[in-house]
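Welcome! Take a moment to look over the structure below, and then let us walk through its spaces and its helices together.

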Amino acid sequence: MAGICAIFTHFNSKERTLTCLSRLAQQTHRPDFIVIINNGAATDPVLPEAQAFAEAQFSSGVLHILQMEENLGNAGGCARGLEYAFGTLGVDFTWVLDDDSWPRPHTLERLLAVPAGSTTVRMSAVVDPAKDDELSWPLTIPDTRPGQWKNAICRADLPEGNIIPSRGGWLGALYPRTAWKKAGLPTEALFIRGEDEEYPWKVRDAGFDFVTVLNSELEHPSAAIPLIHYRIAHRSFFYEPGLHISRQYYKNRNWAWLQRLRAPHNYPRRLAACAFYIILSLNAMLRCNELSIRRVYNLFRALHNGFYGKLRPY
């Protein structure tokens, strides 16, 4: 049986971390290893609690806690977790979770029940139980036009069937060892709001496909305020109202940085993309009453840094 490691980051979230660990103990097919990446202090009292819980619920050596030298965010922490799972533990698959993403008892078993080749990444469906198990965020699926993609906003937008081709994903994805060997790791400096698009892009660029398994459900809260969605020329833009300005900075910076990865020498294309991004962002800010000098400056600074490949912190 192929070894499987579940990983997630922890930072000052006792209840969420212990709940995630408890849900992993309830799996009908348990992972062989669990890696918690601690972005907080080494003296955090939840760490011995997690260790005690693991000793009572799992076999010896299942839980591993990695202490980071500083807060590396989700991107940096998970990059270290992937490297540890594949490089040190030698597993064949790493299952990417978060401290507030909680699998249901059959989630991993149903994910593994789907046959997959060596270049296929299987993903759990990320749903919000507080909203009748609607999708927590849009899922990118094939459009009716060959080679094109569209965003499914809710379950009603999904095609029939349990296995749906997807453009890529991070949370709930079961990455095979071959993806790590060919695509490497997420970029640590993305910090947050970047690994969810950058790493799937790297993996797709390395020749992998993604599928979402709908009956393999991962619980994760959706945005507190509904997303603002613009669709222009078969492309989607989403704005998340109420997002803390620091998180908005990383989201915008990392988006521009990813455009640089995709088209490093096509300046006109990237400039045009940033121009549309600015226009739609300003319009969305105006719609939700978030248009302020501070947020506008934050938007331009983030896009400037990402455009020129400067992953400066907030």
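How much space lies in the largest cavity? About 50 Å³. This is a predicted model, in which local features need pLDDT of at least 70 and side-chain atom pairs count only at pLDDT 80 or more, while totals for chains, interfaces and linings use all residues. Residues are numbered from 1 along each chain as its sequence is written, and side-chain values use heavy atoms, with hydrogens and water left out.

Rolling a probe the size of a water molecule over the atoms shows where empty space is left. Here a cavity is a set of points, on a 1 Å grid over the protein atoms alone, where a 1.4 Å probe fits but cannot get out; a pocket is an open set with protein on both sides within 12 Å along at least five of seven lines, and lining residues have an atom within 4 Å of a point. Grid points are joined across faces, edges and corners, and a volume is the space filled by probe spheres set on the points.

The structure holds one cavity of 30 Å³ or more. Its lining is made by Phe237, Phe238, Tyr239, Glu240, Leu243, Gln248, Lys251, Asn252, Tyr277 and Ser281. Two or more of the lining residues come from each of β14 (235–239), α7 (245–262) and α8 (267–287); such helices (H or I, at least four residues) and strands (E, at least two) are DSSP runs, numbered from the N terminus. Five nonpolar, three polar and two charged residues make up this lining, where Ala, Val, Leu, Ile, Met, Phe, Trp, Tyr, Cys and Pro count as nonpolar, Asp, Glu, Lys and Arg as charged, and the others, Gly among them, as polar.

Now for an open space: the second largest pocket holds about 170 Å³. Among the residues that line this pocket are Glu70, Phe191, Tyr250, Arg253 and Pro313. Its lining has six nonpolar, one polar and four charged residues.

Next come the helices. α8 packs against α9 (residues 293–307) at an angle of about 160°, their axes 11 Å apart. That makes α8 roughly antiparallel to α9. Axes are lines fitted to C-alpha atoms, for helices over the stretch in contact, and angles run from 0 to 180 degrees between N-to-C directions; under 35 degrees counts as roughly parallel, over 145 as roughly antiparallel, 65 to 115 as roughly perpendicular and the rest as oblique.

Gln248, Asn252 and Trp255 of α7 take part in the contact, as do Asn298, Leu299 and Gly306 of α9, among others. Nine nonpolar, five polar and five charged residues form this contact.

Finally, turn to α1 (residues 14–25) and α2 (residues 46–57), which pack at about 10° with their axes 11 Å apart. These two helices are therefore roughly parallel to each other. Leu18 and Leu21 in α1 and Ala50 and Phe53 in α2 are among the residues that meet.

Note on methods: Contact = heavy atoms within 4.5 Å.
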